[in-house]
Amino acid sequence: MNTNNKMLKSVCEKIYQNVSETDGKVHKANFIKNLKKRGILQDDPRITEFLNKVNQYHGYLDKDTFIDCISENISIIEECFTQNSVIPKFEEFCNDLMQIYEKCKKETSGKMADYIPQLAKQNPDHFGVSVCTVDGQRLNIGNSNIDFCVQSCCKPINYCLALDEHDKEYVHKHVGREPSGSEFNALKLNTKGLPHNPLINSGAIMTCSLIQREKAASDRFDYVTEMWEKMAGNLKLGYSNSVYLSERMSADRNFALAYFMNENNAFPKNTNLLDVLEFYFQCCSLKINTNAMSVVAATLANGGVCPLTGKQVISSETVKHCLSMMYSCGMYDYSGEFAFKIGLPAKSGVAGGIFVVIPNVMGICTFSPRLDDYGNSVRGVKLFTEITKKFNFHNFDNLKNTDHGKIDPRVIKSLDEFTAEQIIKYSSLGDVSALKRIRITNGDLSHGDYDNRTPLHLACSNGHLNVVKYLIEQGNLKDVNPVDRWGGTPYDDAIRENHVEVSKYLTTKNGISGSEMEK
């Protein structure tokens with residue numbers, strides 16, 4: 001067994017010793033429960049290979065079988081059991097959140113939204129809460145699987161899509177970026193004749209006019225839905241045609257806003273107002289649950305990278321602008337008070353949803369349909385108030401010399417959290433999902449160790465063709481033939497260890513031996 005296979009076995013054995021029972025076997029169901037306690041749920045795509053293997057077995061797993069099952073997703077599983085995630089004591093955090101949930105559940109004040117008739121038909125007692133951290137740790141409480149219409153929660157997402165498609169200068173030629181000081185649907189523009197910001201109705205209508213303008217209305221809506229699902233880690237969204245029809249039938253004010261902006265030449269040239277309004281009503285009628293919405297929020301918390309897929313869905317610059325808008329304008333006329341008390345970027349919708357972003361930590365979503373006088377969920381606002389009473393999540397809780405007595409459940413990770421040693425380790429273990437996350441954070445997968453052994457060397461030495469392909473095709477490697485201390489290339493490693501498929505692949509990418517390079 002070579003050194004790197006020993007490393008893999010050593011990591012796996014530590015986890016095995018942690019979870020094995022007195023007879024030396026691992027109870028499959030108990031292990032999956034252990035993962036859940038640490039925030040890793042069964043629909044997490046980062047443990048797909050583990051689940052595919054482990055589901056072939058029933059009951060108990062012997063040591064060798066268990067190690068074989070966990071080896072391909074070892075980085076995620078190892079992170080769980082070494083408390084190296086952003087919320088290391090996740091189970092304790094969950095217990096605290098459960099207590100807050102039960103306290104807020106007793107709150108029954110507020111009334112249902114009725115200006116859109118379909119929303120008044122929701123169950124007023126529904127209450128769901130979901131959390132997703134930037135490391136993909138997740139928790140669902142209560143009615144987290146009940147779909148609700150996103151309504152105004154679509155506004156920051158559409159703003160992100162407009163910014164990513166164009167740039168902030170172009171977008172803000174057509175929409176301002178200041179709080180309006182008026183109701184969200186007020187018939188009012190700023191001194192330049194533009195809507196005040198993207199998170200009120202007039203601004204959201206304007207933002208819709210900037211998204212995929214060259215496409216047909218149906219294709220534009222498909223694009224927005226696809227982007228939502230990418231931000232949600234490929235969890236599926238729904239759509240309520242009845243809410244869409246209700247929106248359209250009760251849209252006099254939105255039509256008035258559109259024509260008022262058109263009168264002031266605020267729209268881009270050749271904008272079809274009716275198409276834009278239809279598109280806006282469709283976006284508001286998307287359906288989601290708190291489980292999926294928390295992943296969307298976590299994608300924003302993670303600089304636009306979805307924690308469950310490791311893919312950059314929205315640029316980090318766009319996320320910065322979006323969170324700024326959410327912080328100042330996301331909670332209707334309660335935005336200033338919310339920023340003062342809770343101190344976090346947020347967006348609410350009149351269906352009862354609220355999502356909050358704790359940058360570099362997590363996204364949290366609540367759903368409860370009873371609304372306060374501002375149009376925000378009563379239970380949702382109460383829950384976020386209680387959370388920031390207990391935890392130091394307020395943006396300014398961490399000012400120097402602040403003594404607030406709150407709990408800090410986080411491990412703060414620096415941007416350079418992944419060392420060359422860790423990158424080499426995961427390459428040698430064959431964990432592509434870990435490398436995808438590392439590349440987003442560090443960007444460089446080519447650094448070698450003290451012997452100039454690079455991640456590509458280690459992947460070839462261990463025969464991990466999937467890692468070799470990822471490093472070469474998506475890792476932005478400048479050289480497929482780096483030379484180690486002894487003059488060997490990755491191709492030499494593949495040949496020496498008799499990994500035929502790897503050596504054949506390297507040949508197609510101009511991989512050669514160190515001896516050939518000397519000629």
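Residues are numbered from 1 along each chain as its sequence is written. In this predicted model local features need pLDDT of at least 70 and side-chain atom pairs count only at pLDDT 80 or more, while totals for chains, interfaces and linings use all residues; side-chain values use heavy atoms, with hydrogens and water left out.

**Helix pairs**

Helices (H or I, at least four residues) and strands (E, at least two) are DSSP runs numbered from the N terminus. Axes are lines fitted to C-alpha atoms, for helices over the stretch in contact, and angles run from 0 to 180 degrees between N-to-C directions.

| Helix pair | Angle | Axes apart |
|---|---|---|
| α7 (residues 154–165) and α9 (residues 201–208) | about 40° | 9 Å |
| α6 (residues 90–105) and α17 (residues 378–390) | about 140° | 9 Å |

The angle of about 140° makes α6 oblique to α17, where angles under 35 degrees count as roughly parallel, over 145 as roughly antiparallel, 65 to 115 as roughly perpendicular and the rest as oblique. α6 passes α17 in a right-handed crossing, whereas α7 passes α9 in a left-handed crossing. A crossing is left-handed if the near helix is turned anticlockwise from the far one by less than a right angle, and right-handed if clockwise.

Contact means heavy atoms within 4.5 Å. On the α6 side, D96, L97, I100, Y101, K103, C104 and K105 meet R379, K382, L383, E386, I387 and K390 in α17. This contact of α6 with α17 comprises six nonpolar, no polar and seven charged residues. In the other pair, K155, N158, Y159 and A162 of α7 meet N201, A204, T207 and C208 of α9. The contact of α7 with α9 has four nonpolar, three polar and one charged residues. Ala, Val, Leu, Ile, Met, Phe, Trp, Tyr, Cys and Pro count as nonpolar, Asp, Glu, Lys and Arg as charged, and the others, Gly among them, as polar.

**The sheet and its helices**

Five strands form an open antiparallel sheet in the order β4-β3-β10-β9-β8; two strands pair if DSSP finds at least two bridges between them. Its edge strands, β4 (138–142) and β8 (346–348), each pair on one side only. Neighbouring strands are turned by 10° against each other on average, direction ignored. β8 pairs with β9 (residues 353–358) in the antiparallel sense over three bridges, and S348 stands opposite I354 in β9.

α6 also packs on this sheet, touching β3 (128–133), β4 and β10 (362–367), and its direction makes about 25° with that of β4. Helix α14 (residues 290–301) packs on the sheet as well, touching β3, β4, β9 and β10, with its direction at about 150° to that of β10.
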